[in-house]
There are 2 protein chains.
Amino acid sequence: METLSVKEAAKRMKADSPKMAALSLEKRNSILKSVKEALLADKEEIFKANLKDLEEAKKSSIPDSVMKRLKFDEKKLLDVCAGIDQLITLQDPLGKVQLNRELDEGLVLKRVTCPIGVIGVIFEARPDALVQISSLCIKSGNCAVLKGGKETQNTNKALFDVIYKAAVENGAPAGALFRIEGHADVNELLTCEKYVDLLIPRGSNAFVSYIMNNTKIPVMGHADGVCHTYADKDADLEKAKKIIVDAKTQYTAACNATETLLISRERKDLVLPLLTALKDAGVKIRCTSEVNALLPKDFGAELMEEDKFNTEYLDMCISVKLVADVYEAADHINTYGSHHTDCIITENDETAETFMMLVDSAGTYKNCSTRFADGFRYGFGAEVGISTGKIHARGPVGLEGLTTYKYKLYGNGHIVGDYAAGRKEFHFKELE
Amino acid sequence: METLSVKEAAKRMKADSPKMAALSLEKRNSILKSVKEALLADKEEIFKANLKDLEEAKKSSIPDSVMKRLKFDEKKLLDVCAGIDQLITLQDPLGKVQLNRELDEGLVLKRVTCPIGVIGVIFEARPDALVQISSLCIKSGNCAVLKGGKETQNTNKALFDVIYKAAVENGAPAGALFRIEGHADVNELLTCEKYVDLLIPRGSNAFVSYIMNNTKIPVMGHADGVCHTYADKDADLEKAKKIIVDAKTQYTAACNATETLLISRERKDLVLPLLTALKDAGVKIRCTSEVNALLPKDFGAELMEEDKFNTEYLDMCISVKLVADVYEAADHINTYGSHHTDCIITENDETAETFMMLVDSAGTYKNCSTRFADGFRYGFGAEVGISTGKIHARGPVGLEGLTTYKYKLYGNGHIVGDYAAGRKEFHFKELE
């Protein structure tokens, strides 16, 4: 592969994006199939590159939990291959007719889904993410600029080279995929607003905010994940216990873990059992003095100030507060939350609907763990990221979030002058 | 009404936006009805304010065509009232269930449309636009910050006061609508990214670009409208003539007017009749030397350079060039166009589909005038703007473009731990 600057590569991708969009579903699926076969055929090469990354990581004494993520072995390979197989079976996200309207005799308007074009994805050090993201982009007819975490750069390169070769040899245009690496490349990518249609950064708050503040390219993603669970006055204690412990502790590093527990002031009896369940699970409690007063002296909770309720711990720690009712709960969540995912625990359906209407988040839940907010658990096959923005895709973003639409108008010599002069009139008839 | 700074007002609107979103369809329609009745009841007040604007405008010797737009009389009042009546009859854009999936026994995921929240619309000096935009926002449950052209500021104020009073007296929250005025207000609005979810600027390229470059709020709109018409080798001459004259001359100031005519090099016979038809309609021709060589010496076309093909004239002038085929036409359009609306004239259906696939624009047309790109002509009732971006709404934006969606997950004590441990499995069943 020739050496291109990021800008040159992005320019070529933009020029090639209509060709990528024009590939038939059969073609895109057959490219995915060859990508899978190439990964299996060249696995030794890939594992060798991964060993290099793991050795480097050991030198910098990276914790075991992270090491597990960096590793790319036979099991992970089979997992990503199964993912590609599943993706092949998914319905085509392109060419869906969303609107089919006869404006007037012989003048037909169709709204049809199509790829976004060129997408830049910046993701964490997880080799499987590179495979997932490139396959999602191939399936959805998008060109993709990929930047993975530096801790797996040898694996990334090996995986990318295999995927790129298989894709291009099987009919994808040369600009279908491009891999970049390092801060300078990312900064150059941020200036490519003429060629790149969308950026999807994943990673730390600071990193995502940096991206959002330093580019004119639309950015889809989330900086914070301050999720809430609210135990309403009609909450069932056993359900509440089970849900809050799962939502807080099942995987604390995830953006969909609950960071704040709100409890109805009418249910002070819930405070001690819920906080005891959390404490027993190893969670540190930070709460208002009102909550603290309901706990035994030696409970060991820490006091916190109102203005700290926007804290994302990503750790075994939770903020706790009493609220008057569902309205105050929603207000608190809309003020201090990050519009990600928030849950009410209640046996009252009407209160649940009020909460789910008032809370301005991508996900509003009733009686279940906030940890469910995930593309796989929603049945999207895979996700390319989670969006807390309200423009375009919201929540977990799968194939559908990688598409847009275009209007196609079919006429037969129709001109606007005839309608402006009243010689003709629109009749707006839905077809099909 | 109390005096609030733009930021204070935006903050209140953000806080009130869940209340606005929670209004039932009946409520929103009854608010629209009272707005209409109030406009009719207070019309003398409004006309008086408009006379003031018109007198000011006369002093600055504004051209007749613009004066017509500033005027708000009985006829325009009846037009906007008819528009409100039509809006009332339209289907509710909110609460539409886009996905209804059982993830597992008793765990149901729904994706439901909802308002975006707080929208800032900056529009040209046309009093009817203020009424249309505020009614669209009320129907779609959004709070709106409105900034109209300064040439109609007295009319804007009179209209706004009537609309605001009617809306709030009939159940809209205090933060439903807010009017701002002047550059300082706009600049303050641009810094309200915490409170404003979307900006829709309408107006000159320079103005829209200024907005896009000076805010962190997502912006929906279009800076340029460089639309193309391509006469293919299989074009019908009579259709081509009729369409290109309409597309260029029917209303030159509109963003959907054609600015460039591309002609297939295999159909040099089209050049003289098409350019003669345009010239006869009063259009000045700017073309490449290759085109010029096909014209009589005294035709009066002006030569132009390749790098000027991105020109938006908004005037009786057109750029003309020959291209090899539909592929070169699409390449030219994707390179020099603004992704707005582009048309092919051909009797060959396959060529038309190729063009409509390859051209990366919000609207791709076959055998009709680019001037059709408009919310009213698409049957959307009204439009709040036209988007050339590919994220969120694309093309003319009506009610639907003012909505987003949220995921609602209904459980009964469901936790992720059970699925992670393999004690439970998702079964993904589509409901309804």
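Two strands are taken to pair if DSSP finds at least two bridges between them, where helices (H or I, at least four residues) and strands (E, at least two) are DSSP runs, numbered from the N terminus. The structure is a predicted model, in which local features need pLDDT of at least 70 and side-chain atom pairs count only at pLDDT 80 or more, while totals for chains, interfaces and linings use all residues. Residues are numbered from 1 along each chain as its sequence is written, and chains are lettered from A, with ligands numbered from 1, in the order in which they are written.

In chain B, strand β12 (residues 341–345) and β13(B) pair in the parallel sense over four bridges, and within this pairing I344(B) has K366(B) in β13(B) as its bridge partner.

The contact between the chains draws on 61 residues of chain B and 60 residues of chain A, with two residues being in contact if their C-beta atoms, placed from the backbone, lie within 7 Å. On the side of chain B that touches chain A, the largest share, eleven residues, is supplied by strand β16 (residues 403–414) of chain B. Strands of the two chains also pair: β13 (residues 363–368) of chain A runs parallel to β16(B) over five bridges, and T364(A) has K408(B) as its bridge partner in β16(B). Strand β16 (residues 403–414) of chain A is likewise joined to β13(B) by five bridges in the parallel sense, with Y407(A) bridged to G363(B) in β13(B).

The pairing of β13(A) with β16(B) belongs to an open sheet of eleven strands with mixed pairing, in the order β10(A)-β9(A)-β11(A)-β8(A)-β7(A)-β12(A)-β13(A)-β16(B)-β2(B)-β1(B)-β17(B). Its edge strands, each of which pairs on one side only, are β10 (302–303) of chain A and β17 (429–430) of chain B. Within this sheet, five bridges join β7 (residues 227–231) of chain A to the parallel strand β8 (residues 258–264) of chain A, and T229(A) has L261(A) in β8(A) as its bridge partner.

Chain A is divided into domain 1 (6–221 + 389–406) and domain 2 (227–372), the bounds coming from an automatic or database domain assignment, and the C-alpha centres of these two domains of chain A lie 35 Å apart. Chain A also contains an open sheet of four strands in the order β5-β4-β3-β6, with parallel pairing, whose edge strands are β5 (177–179) and β6 (198–201) of chain A. Four bridges join β3 (residues 118–122) of chain A to β6(A) in the parallel sense, and the partner of I122(A) in β6(A) is P201(A).
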